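Subject: Structure handover

Hello,

Here is the structure I said I would pass on. Please open it first and then read the notes below it.

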Amino acid sequence: MKQKFNIIRSTCVPLPLENVDTDQIIPARFLKATDKEGFGDNLFRDWRYDKEGKPRPDFVLNDPRYGGCILVAGRNFGSGSSREHAAWAIAGYGFRVVISSFFADIHKNNELNNFVLPVVVSEDFLRELFNSIDSDPKTEVEVDLPRQTVTNMATGHSEHFEINGYKKHCLVNGLDDIDFLLQNTDKIEAWERRNK
């Protein structure tokens, strides 16, 4: 799942629902596993499949018109429990970016820790994205992490988004927290020698 981020341009999967919580992203019955593998198969499981395990044709992940590595979600995405498994499922499905007007803080950090970029945009820009995708499912969005911009390619409109400088550095360089520490071992050891 570790992938360097630079500029991502993709079509999108629209999920215009507000208050999508982590139990809807990955139901609790799938939390027994401790390995990240396979969680993408159960992303939005109860919305995506019926009780017999057949795909629900009216759910967006089963709609062949939509695809790509960007999920555009309604306000307050990832609320509820702090389960990291929700971010595992999003990354495991293949999403690299989630765009919303608001994320639950813990879920937002879980996404960042799993190399999924949460992009916060204004309500107006989010509404415009949903309208563009609804008008043309082939609408592309460009997310430029170095410049911290997101652009609706259908309209040319862009917005700037915020990201923690440390997390940005890690994403751009494909580093998790342990990789970052290992990369700075010499500096840490030098500090320890100076501060005995």
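In this predicted model, 7 strands form an open sheet with mixed pairing. Read across the sheet, the strand order is E4-E3-E2-E1-E5-E6-E7. Which strands stand at the edges? They are E4 (117-120) and E7 (158-160). Each of these has a single partner strand, so one of its sides has no neighbour in the sheet. On average, neighbouring strands in the sheet are turned by 25 degrees against each other, direction ignored.

Strand E5 (residues 140-144) and strand E6 (residues 149-152) run antiparallel and are joined by 4 bridges. Valine 141, for example, has asparagine 152 in E6 as its bridge partner.

Next, the helices. Helix H3 (residues 85-93) packs with helix H4 (residues 105-113); their axes are 8 Å apart and the angle is about 45 degrees. An angle of that size makes H3 oblique to H4. The crossing of H3 past H4 is right-handed. On the H3 side, the residues in contact are Ala86, Ala87 and Ile90, and they meet His107, Asn110 and Glu111 of H4. Sorted by type, the residues of this contact are 3 nonpolar, 2 polar and 1 charged.

Last, the aromatic rings. The count of aromatic pairs is 6. One of them joins phenylalanine 39 and tryptophan 88. Why is this pair edge-to-face? The ring planes stand at 75 degrees, and the cut-off for edge-to-face is over 60. The ring centres are 5.3 Å apart. Phenylalanine 39 sits in the loop between helix H1 (22-25) and helix H2 (45-48), while tryptophan 88 belongs to helix H3, so the pair ties together parts 49 residues apart in sequence.

Regards

How values were computed: Residues are numbered from 1 along each chain as its sequence is written. This is a predicted model: local features need pLDDT of at least 70, side-chain atom pairs count only at pLDDT 80 or more; totals for chains, interfaces and linings use all residues. Side-chain values use heavy atoms; hydrogens and water are left out. Two strands pair if DSSP finds at least two bridges between them. Helices (H or I, at least four residues) and strands (E, at least two) are DSSP runs, numbered from the N terminus. Axes are lines fitted to C-alpha atoms, for helices over the stretch in contact, and angles run from 0 to 180 degrees between N-to-C directions. Angles under 35 degrees count as roughly parallel, over 145 as roughly antiparallel, 65 to 115 as roughly perpendicular and the rest as oblique. A crossing is left-handed if the near helix is turned anticlockwise from the far one by less than a right angle, and right-handed if clockwise. Contact means heavy atoms within 4.5 Å. Ala, Val, Leu, Ile, Met, Phe, Trp, Tyr, Cys and Pro count as nonpolar, Asp, Glu, Lys and Arg as charged, and the others, Gly among them, as polar. Rings of Phe, Tyr and Trp (its six-membered ring) pair if their centres lie within 6.5 Å; planes under 30 degrees apart count as stacked, over 60 as edge-to-face and the rest as tilted.
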